[in-house]
Amino acid sequence: MVARWTALPALAAVSLLAAGCVNPNAGNPNAGNSNTGNSNAGNSNAGGPSSSASASTAVTSPGASGAAKRIGFFGFAKANSFSAATFAGVEEYAKANGATAEFLDPNFDAQAQVRQLQDAVTAKRFEVFVVQANDGAAVVPAIRSAVQAGITVVVHFTPVGTRYDTGEPQVDGTITLIDVPTLNGEGLAELAIQACASRKLDPCEVGYLEGLKALPLDNARTQAAVAKLKAAPGVELKAQLEGGYTQESGRKAMQDVLQKNPGINVIVGASQAILGAEAVAKGKDISYVANGASRQTVKAVQEGRWFGAYYLPVRTLGAKAAELGLRKARGEQVPGTNLATDVQPGTSMGTKDALAQVSGEYDE
């Protein structure tokens with residue numbers, strides 16, 4: 001079952017850190033210095049006013065009869081803005097609902113995260129785990145042990161397991177709240193196709209800056225995006241290369257693209273890479289599609305500098321993860337499968353019109 005969630009009007013704001021998705025050099029989808037995944041994670045500023053609901057009020061409160069619970073947030077890294085923004089939502093919701101939350105920081109190290117999970121299970125430190133897996137396959141044994149120990153586990157944003165085309169739990173007993181990587185790729189491709197249509201070009205030359213070729217999650221996203229682009233009438237995929245999750249990697253990739261394809265019309269990539277690409281191609285008539293949801297990304301779309309962005313309400317998703325975990329830990333029934341794109345505002349296809357009333361929930 002897939003649940004659709006609706007956020008209530010915002011009543012509060014929090015300070016967050018900010019932006020990219022996951023960092024890559026540690027094992028699988030996320031370890032190192034840059035950010036991967038939905039480039040909805042990155043530097044270290046997040047929070048402040050947003051059009052999305054406050055974490056404490058964005059979701060339904062657990063039953064008042066439930067005892068206070070402790071939430072362990074196993075994020076990608078504290079230095080990662082996406083993780084910091086997510087945790088701000090987790091923490092605010094926890095405090096507003098009689099619970100506590102702690103960020104266990106593996107600093108993008110997949111094996112360190114596995115050890116943190118194992119230690120937390122042994123020590124019985126938390127009743128609820130919210131897990132952003134740096135390596136979805138590596139954490140499976142620890143997650144299974146947590147479930148067997150009676151801990152409520154919410155798999156957040158990236159899958160735990162080896163499949164990247166489903167939102168369903170891949171470890172029995174867990175709850176998912178994830179952005180399915182293949183659907184993310186298809187969404188990015190659709191935005192690029194819309195950008196081509198808006199320019200009335202035939203053919204329309206598209207460049208795709210994939211995240212990191214070493215990451216299975218990134219490869220699944222790329223394959224889905226490329227397949228959709230290649231099947232679109234009038235669209236020519238002229239460039240496909242690694243763009244990474246930093247402005248520097250984006251600049252380098254864009255230099256390579258322009259050298260071989262100076263007439264490129266549309267560029268797709270992580271929001272940080274797009275920032276770098278835009279700087280290199282300054283003055284050229286190029287439409288940009290970003291995989292990210294920072295305030296800077298939203299502003300670029302609203303100003304018309306970028307055509308669109310794959311948008312997710314990051315802080316609100318953190319609050320939703322805390323809600324799901326606390327409600328189950330307190331004995332309530334909750335859906336096992338939940339998609340990040342269904343959390344309001346449901347504007348993952350973030351064109352200028354779709355993001356008109358959105359401000360973003362973290363900073364790059």
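The following conversation asks how several descriptions of this predicted model are reached.

User: What should I know about the numbering and the values before we start?

Analyst: Residues are numbered from 1 along each chain as its sequence is written, and side-chain values use heavy atoms, with hydrogens and water left out. Because the model is predicted, local features need pLDDT of at least 70 and side-chain atom pairs count only at pLDDT 80 or more, while totals for chains, interfaces and linings use all residues.

User: Why is the link of Cys196 and Cys204 called a disulfide?

Analyst: A disulfide is a pair of cysteine sulfur atoms within 2.5 Å, and the sulfur atoms of Cys196 and Cys204 are 2.1 Å apart, so the two form a disulfide. The angle about the S-S bond is -75 degrees, and the link of Cys196 and Cys204 is left-handed. By this rule the count comes to 1 disulfide.

User: What makes the pair of Phe74 and Phe126 edge-to-face?

Analyst: Rings of Phe, Tyr and Trp (its six-membered ring) pair if their centres lie within 6.5 Å, with planes under 30 degrees apart counted as stacked, over 60 as edge-to-face and the rest as tilted. For Phe74 and Phe126 the centres are 6.4 Å apart and the planes stand at 85 degrees, so the pair is edge-to-face. The pair links distant parts of the chain, since Phe74 lies in strand E4 (residues 70-74) and Phe126 in the loop between helix H2 (110-123) and strand E6 (128-131), 52 residues apart; here helices (H or I, at least four residues) and strands (E, at least two) are DSSP runs, numbered from the N terminus.

User: How do you know that strand E8 pairs with E7 and with E14?

Analyst: Two strands pair if DSSP finds at least two bridges between them. Strand E7 (residues 152-157) and E8 are parallel and have 4 bridges, while 3 bridges join E8 to strand E14 (residues 337-339), also in the parallel sense. Thr176 of E8 is the bridge partner of Val155, and in E14 the bridge partner of Thr176 is Thr337.

User: What makes both faces of strand E8 covered?

Analyst: Buried means under 20% relative accessible area, exposed over 50% and partly exposed in between (1.4 Å probe, protein chains only). In E8 (residues 175-178), Ile175 and Leu177 on one side and Thr176 and Ile178 on the other are all buried, so both faces are covered. In a regular strand the side chains alternate between the two faces of the sheet.
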